[in-house]
Amino acid sequence: MSTHNIAVIAGDGIGKEVVPAAITCLQRIADVHALKLNFTYFDWGSEYYLQHGQMMPTDGLEQLATHDAIFLGAVGSPEVPDTESLWGLLIPIRREFQQYINLRPVKTLDGVASPLAAKIPIDLVIVRENNEGEYSEVGGRMYRGLPHESAVQETIFTRLGVSRAASFAASLASARSGQLTSATKSNGIIHTMPFWDEVVQETVQDYPGVTVTHELVDALAAHLVLKPWTLDVIVASNLLGDILSDLGSSVTGSIGLAPSANLNPEGHHPSLFEPVHGSAPDIAGKGLANPVGQIWSGAMMLEHLGHPEAAAHLQAAFESALRDGHGTRDVGGTSSTSEFTTAVLAAIEALAADRAAVSEISAS
Ligand code: GGG
């Protein structure tokens, strides 16, 4: 039996609802596939900050480092400045553990209506550079409160950072259609973005079957709305990748569906799995949250931990629950978070029974 130790940080807002929902499904999948998932819960986040003045304990990263993966819900609270909540938890985890790839699939799912008139299936992946770029500590504020108050924020692109993101994306494109789109803004941002373009171009040359198109991010945003089905793999900087993935998931029907994997591809450190959405304080505590982004992130975690069959089973189960009309309100349904979770659990059983029947027939 494979055993994995998973650190769980439900965090803030709807994270506290969608994480337990996803863990119930993961536990059942683990039983069916003879896996042992040991979940260790950390009560870190904005409430912890209000009590202790920090989002996690001083040795928080050391505590996480001993785990095989991290399963995160959401961070952010109206009571805590966003700079504190993000830079006190999620960003240190991504950086300390060199989770330099943020993989964000964008896919239409049966049972979820896209807001687009054309009902052509969308199936693309955004590879977001996750450790540098516009999310930089370099800069500062001066002359606070005076008429000449100013703020400076530097973007940092390194050859290492850009080339490893481009290389990951090119390798993914090579296993898919061979078509890679790089998000740029090199007409306006005249130092960092031409450098991004050059390093992406050079890196992709090592992947003979892959063609890269450099698309200005404003045009790419329009492309994602007008013809998203013509896109396959998109590589983008930290900020542009974040914006494009909210847009991408919205054109498939809801940001509540979108999963993500913050990967340390070498496996030297734990990777982190979280939905793309935030803590949604407006709907928190009402049982309205869509747990699909969190459950799908759990499927990505199982895949990363080396269990593709278990991951496919979980994916098929939530897709089946959506197809059968059990979606939450954001996708046009009426189910609560727990009603949807019950439907996923029922689909896990139904698919497991099918699987057992198929193995029985093939054994006789
Ligand atoms: N699901 C994790 C979460 O709460 N993300 C909110 C957020 O603002 N993340 C910022 C980012 O990914 O850069």
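## Helices, strands and overall size

The protein chain in this predicted model contains 11 helices and 12 strands. Laid along its principal axes, the C-alpha trace spans about 75 × 55 × 40 Å.

How does the radius of gyration fit a compact globule? For 364 residues, such a globule would have a value near 21 Å, and the protein chain has 21 Å, which agrees. Of those 364 residues, 51% count as buried. Look also at who touches whom: among contacts with a separation of 6 or more, 74% are between residues 24 or more positions apart.

Now for some helix pairs. Two packed helices are described by the angle between their axes and the distance between the axes.

Start with helix 1 (residues 15–32) and helix 9 (residues 292–304), which pack at about 40° with their axes 8 Å apart. An angle like that makes the two helices oblique to each other, and their crossing is right-handed. On the helix 1 side you'll find Val 18, Val 19, Ala 22, Cys 25, Leu 26 and Ile 29, which meet Gln 294, Ile 295, Gly 298, Met 301 and Leu 302 of helix 9. Sorted by class, that gives 9 nonpolar residues, 2 polar ones and no charged ones.

Ala 34 has a positive phi of about 55°, although it is not a glycine. With a relative accessible area of 41%, Ala 34 is partly exposed.

## Helix 5 and helix 6

Next up are helix 5 (residues 159–175) and helix 6 (residues 192–204), whose axes come within 9 Å and cross at roughly 45°. That makes helix 5 oblique to helix 6. The crossing of this pair is right-handed.

Which residues do the touching? From helix 5 come Arg 159, Val 162, Ser 163, Ala 166, Ser 167 and Ala 170, and they meet Phe 195, Trp 196, Val 199, Val 200, Glu 202, Thr 203 and Val 204 in helix 6. The contact of helix 5 with helix 6 has 8 nonpolar, 3 polar and 2 charged residues.

## Helix 7 and helix 8

Helix 7 (residues 217–226) and helix 8 (residues 238–252) have axes 9 Å apart and pack at an angle of about 15°. Are they roughly parallel or roughly perpendicular? The angle makes helix 7 roughly parallel to helix 8. Their crossing is right-handed. Helix 7 brings Val 217, Leu 220, Ala 221, Leu 224 and Val 225 to the contact, while helix 8 brings Leu 240, Leu 244, Leu 247, Gly 248 and Val 251. The tally for helix 7 with helix 8 is 9 nonpolar, 1 polar and no charged residues.

Glu 215 sits in strand 9 (residues 211–216) and, at 15% relative accessibility, counts as buried. Asp 12 is 203 residues from Glu 215 in sequence, and their C-alpha atoms are 36 Å apart.

## A buried arginine

Arg 94 lies in helix 4 (residues 82–96). Is Arg 94 buried or exposed? Its relative accessibility is 5%, so Arg 94 counts as buried. Skipping residues up to four places away in sequence, Arg 94 touches Gln 99, Asn 102, Arg 104, Arg 128, Asn 130, Asn 131, Asn 262 and Glu 274.

## Two loop residues

Gly 111 is in the loop between strand 4 (101–107) and strand 5 (123–129). Here the relative accessible area is 52%, so Gly 111 is exposed. Gly 111 still has partners: not counting residues up to four places away in sequence, it touches Leu 322, Arg 323 and Val 331. Leu 220 is 109 residues away from Gly 111 along the chain, with 27 Å between their C-alpha atoms.

Tyr 143 is in the loop between strand 6 (139–142) and strand 7 (150–153). Tyr 143 isn't a glycine, yet its phi is positive, at about 50°. At 45% relative accessibility, Tyr 143 counts as partly exposed.

Methods
Residues numbered from 1 in each chain as written. Predicted model: local features only at pLDDT ≥ 70, side-chain atom pairs only at ≥ 80, totals over all residues. Heavy atoms only, no water. Axes fitted to C-alpha atoms, helices over the stretch in contact; angles between N-to-C directions. Helix = DSSP H or I, 4+ residues; strand = E, 2+ residues; numbered from the N terminus. Parallel < 35°, antiparallel > 145°, perpendicular 65-115°, else oblique. Left-handed = near helix turned anticlockwise from the far one by under 90°. Contact = heavy atoms within 4.5 Å. Nonpolar A, V, L, I, M, F, W, Y, C, P; charged D, E, K, R; others polar. Rg over C-alpha atoms; globule rule 2.2 N^0.38 Å. Buried < 20%, exposed > 50% of the residue type's maximum accessible area, 1.4 Å probe, protein only.
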